[in-house]
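Good morning, and thank you for coming. Please look at the sequence and the structure on the screen while I speak.

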Amino acid sequence: MRLLVVGAGATGGYFGGRLAAAGRDVTFLIRPKRAAEIAKNGFVIVDPKGETRIEPKIVTTETLRGTYDLVLMSVKAYSLPAAIEDIAPAIGPNTLILPVLNGLKHFDVLSERFGSERVIGSFCKINARLDDHGRIVQMSPMHDMIYGEYDGSRTPRIEAIDSFFKGAGFDARLSNDVGRELWEKWVLLASLGAANCLMRGTIGDIIARPGGQSFIEALLGEMTAVATAHGKAPDPTYLEATRKLLTTPGSPMTASMYRDLLKGLPVENDEILDDLLARAASVGIKTPYLHLAAIHLGIYAARRLAE
């Protein structure tokens with residue numbers, strides 16, 4: 001299997017880098033700025049056990065040639081329109097697309113452009129970042145890649161993807177209910193991002209204030225109600241684990257959206273909060289805290305565009 005990884009940032013770089021280090025056929029499609037950074041400092045993954053240096057195969061939009069069996073989409077959601085045009089020459093008759101973006105909106109966008117039969121249900125769980133030298137730093141042990149057919153079937157193509165990912169240095173799992181699990185991740189991510197951005201603090205900061213825990217639990221309740229109304233109620237065990245994660249005293253936990261906000265960077269407010277707000281309205285679910293967070297980030301995004 002030939003894999004094209006779109007982006008060599010913290011997420012795509014980590015999973016693609018692990019696959020490349022394990023001997024898989026991996027090529028990275030990256031921008032010239034990232035290519036220059038890798039040429040200068042190398043392609044390095046840093047984890048608690050040390051460093052892994054990789055000699056990756058790299059192409060840019062100008063040098064992309066031929067088609068691939070699988071495309072791992074790992075760009076930020078606001079970069080998706082440009083990335084779709086970039087990968088178009090690499091899409092052959094049997095190419096599959098595995099997106100690990102946040103939210104669900106991107107599945108509709110990719111399906112409209114390339115056909116729903118090509119787009120595999122998938123997501124990842126990882127806490128990683130690029131440091132000042134462009135190295136990929138894994139900040140916690142979690143490094144999960146989850147994928148599956150929407151109907152839960154074990155098709156030859158999904159088993160081929162499973163074989164390709166297994167044993168590559170991260171936790172790969174074939175899901176029997178990937179649609180529900182995608183909603184579960186969205187519930188967590190939207191709750192965390194909305195709480196951090198609205199209150200401008202870590203989970204520990206929020207929990208330390210009077211009413212902080214009640215606020216987060218109410219926010220989580222809103223997200224859960226939306227998922228449930230769409231027929232994707234989170235598993236009770238997952239929901240309880242999420243509640244504990246979001247209410248741990250002293251926790252330094254923050255969403256990447258909040259970290260981008262603090263840096264003055266673009267944020268995925270449309271894909272993570274606004275789309276969820278629209279889906280809540282479509283089924284008549286009231287989400288006042290989500291609405292406040294969406295307004296807050298919408299103002300920030302509008303001001304960035306005006307500058």
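I begin with a definition: a residue is called buried if its relative accessible area is under 20%, exposed if over 50%, and partly exposed in between, with a 1.4 Å probe and protein chains only. The model shown is predicted, so local features need pLDDT of at least 70 and side-chain atom pairs count only at pLDDT 80 or more, while totals for chains, interfaces and linings use all residues. Residues are numbered from 1 along each chain as its sequence is written, and side-chain values use heavy atoms, with hydrogens and water left out.

Let us turn to the aromatic rings. A pair of aromatic rings is described by the distance of the centres and the angle of the planes. Rings of Phe, Tyr and Trp (its six-membered ring) pair if their centres lie within 6.5 Å; planes under 30 degrees apart count as stacked, over 60 as edge-to-face and the rest as tilted. In the whole structure, a search finds nine aromatic pairs. One of them joins Phe15 and Phe170, edge-to-face, at 5.0 Å centre to centre and 90 degrees between the planes. Phe15 belongs to helix α1 (residues 10-21) and Phe170 to the loop between α5 (156-165) and β10 (171-174), so this pair ties together parts that are 155 residues apart in sequence. Helices (H or I, at least four residues) and strands (E, at least two) are DSSP runs, numbered from the N terminus. Phe15 and Phe170 are both buried.

A further pair consists of Phe107 and Tyr150; the ring centres are 6.2 Å apart and the planes stand at 80 degrees, so it is edge-to-face. Phe107 is in helix α4 and Tyr150 in the loop between β9 (136-148) and α5, 43 residues apart. Is each residue buried or partly exposed? Phe107 counts as buried because its relative accessibility is 6%, whereas Tyr150, at 45%, counts as partly exposed.

These two residues bring us to the open spaces. On a 1 Å grid over the protein atoms alone, a cavity is a set of points where a 1.4 Å probe fits but cannot get out, and a pocket is an open set with protein on both sides within 12 Å along at least five of seven lines; lining residues have an atom within 4 Å of a point. Grid points are joined across faces, edges and corners, and a volume is the space filled by probe spheres set on the points. The second largest pocket holds about 210 Å³ of space. It is lined by 13 residues, of which Leu104, Phe107, Tyr150, Gly179 and Leu182 are the closest to its centre. Both α4 (105-114) and α6 supply at least two residues of this lining.

How many cavities of 30 Å³ or more does the structure hold? There is one, and the largest cavity has about 50 Å³ of space. Its lining includes Leu101, Phe123, Leu182 and Trp186. Helix α6 gives the most to that lining, with four residues.

Finally, consider α6 itself. Its 22 residues (178-199) should span 32 Å at 1.5 Å a residue, and its end C-alpha atoms are 31 Å apart, which agrees; the expected span is 1.5 Å times one less than the number of residues. Of the 22 residues, 19 are buried, so α6 is largely enclosed by the rest of the structure. Just after α6, Arg200 takes a positive phi of about 55 degrees.
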